[in-house]
Amino acid sequence: MPTYPPEPFRIKVTESIRLIPPAEREKALKEAGYNLFSMKAEDIFIDLLTDSGTGAMSQEQWAAIMRGDESYAGARSFYRLKAAVEDIFGFKYFVPAHQGRAAENILAACLVKPGQYVPSNMHFDTTDANIRARGGRPTNLVIDEAFDPANPHPFKGNIDIAKLKAFIEKVGAANIPFGMVTVTNNAGGGQPVSMENLKAIADVYHSYKIPFFIDAARYAENSFFIKEREPGYAHKSVKEIAREMFSLADGMTMSAKKDAIVNIGGLLCTNDEKLFENVKNELILREGFPTYGGLAGRDLDAMAVGLYEGLDEAYLAYRLGQTAYLAARINEAGIPTIQPAGGHAVYLDAAAVLPHIPQSEFPGQALCVELYREGAIRGVEIGSVMFAHMDADTGQMVYPKLELLRLAIPRRTYTQSHMDYVADTLRRIKERAASIRGYKFTYAPELLRHFTAKFQPL
Ligand code: F0G
């Protein structure tokens, strides 16, 4: 059992949570159409739906909020954020955006033309949808080890470099407006990408003159994994590692709601001056003036402080230790999770817990509902509800390789006893797993359907 690192902070403000009785939970489930996204947050006891925007800000961030400059243009807050972004990421140009998907939308609007491909290790669902919404084809080229949940490969987020080269040769570099990599690979288990792989990815993209963008949502966690696991990086600071990583790329999109530990915010960075001009015009159309990008001045200040706190190594050791602890306790209950534990979340192998439920009946969703029923805990399905789709060329349903339930851990928010409660709840579910049944859709929109779909138990 990994030791649970003591939280490197103490609690100054609290927020009450309440465990509602089983009958009320049942009613809430029915009213939500068995979709946990449609639930009232007050009916949830432990909310592990996402680590996005759900973290606890520090006293320094709350103090920074009071310094927010709400000037429409050229606010001091913008320049404080600019200094942090330049110091940490080192790109020539940047704009704030209200969150990660806004940055993705703008990048896709500027660069993706119908029929073009955007390769990555694995695109997150919003990135995937933003590329598809422009007629593009997001393509996932992660290493095969990523699809074997038990494989303990230390960098399961890596791109398969041979597959990447073959893919570019096949579709032609002219049909690839930019290439990406997601750090850490959220859709594949919160798994890191090694520096060696990042260098190889950059070399391949650049040898074909394809601009390289990093989806940097969890770059600090990725950098800490590199420090812990990759030879030659133990003595480097996480900030130095991050800087080296971004020096390989031509730009990045980032949801600041993760490793910048803010409740809202995003970034889009580039070294390309012409692209930057187009980005600013798109931003003004959709988000706001380039010095605030859809955020309040105080949000920019909270981000400027949070970016540094997200790189703090005592914090990162606690953060990744907490995730590893929860994974180990769940494994102890006989439930397999993606190995090794990810950075921000534990990914339960729902197909292994519920082998009697076929993919067309959503085993990940079934486990998700059961976790709420048993313990008022909210997780999120990352499986067929999120990713099964009709193939544009063949007209066939394509199912994802893994059916997962993700338990994402908000930053600096829950304690060890909360983690123990989650593991104990799962142990009880595991004991009656054979009696759990699947679900069918009663409503599903075409894009990003997991957010608003409705289900019926079978
Ligand atoms: N990229 C990655 C890797 C993400 O995990 C997310 C969001 C985004 C982009 C989009 O950022 O939410 O700020 O618009 N992930 C959240 C999650 C929603 O729960 O994993 P956003």
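What follows covers the ground rules, the sheet, its helices and a glutamine.

## Ground rules

This is a predicted model, so local features need pLDDT of at least 70, side-chain atom pairs count only at pLDDT 80 or more, and totals for chains, interfaces and linings use all residues. Residues are numbered from 1 along each chain as its sequence is written, and side-chain values use heavy atoms, with hydrogens and water left out.

## The sheet

Three strands make an open, antiparallel sheet, ordered β9-β14-β11. Strands are DSSP runs of E with at least two residues, helices are runs of H or I with at least four, and numbering goes from the N terminus. Two strands pair if DSSP finds at least two bridges between them.

β9 (345-349) and β11 (380-382) are the edge strands: each has a single partner, so one side of each lacks a neighbour in the sheet. On average, neighbouring strands are turned by 35° against each other, direction ignored. Between β9 and β14 (residues 404-408) there are five bridges, and V346 sits opposite L407 in β14.

## Helices on the sheet

Helix α12 (residues 313-332) packs on the sheet, touching β9 and β14, and its direction makes about 20° with that of β9. Helix α14 (residues 363-375) touches β9, β11 and β14, at about 45° to the direction of β14. Contact means heavy atoms within 4.5 Å. Axes are lines fitted to C-alpha atoms, for helices over the stretch in contact, with angles from 0 to 180 degrees between N-to-C directions.

## Q365

Leaving out residues up to four places away in sequence, Q365 touches Y34, N35, E381, V385 and F455.
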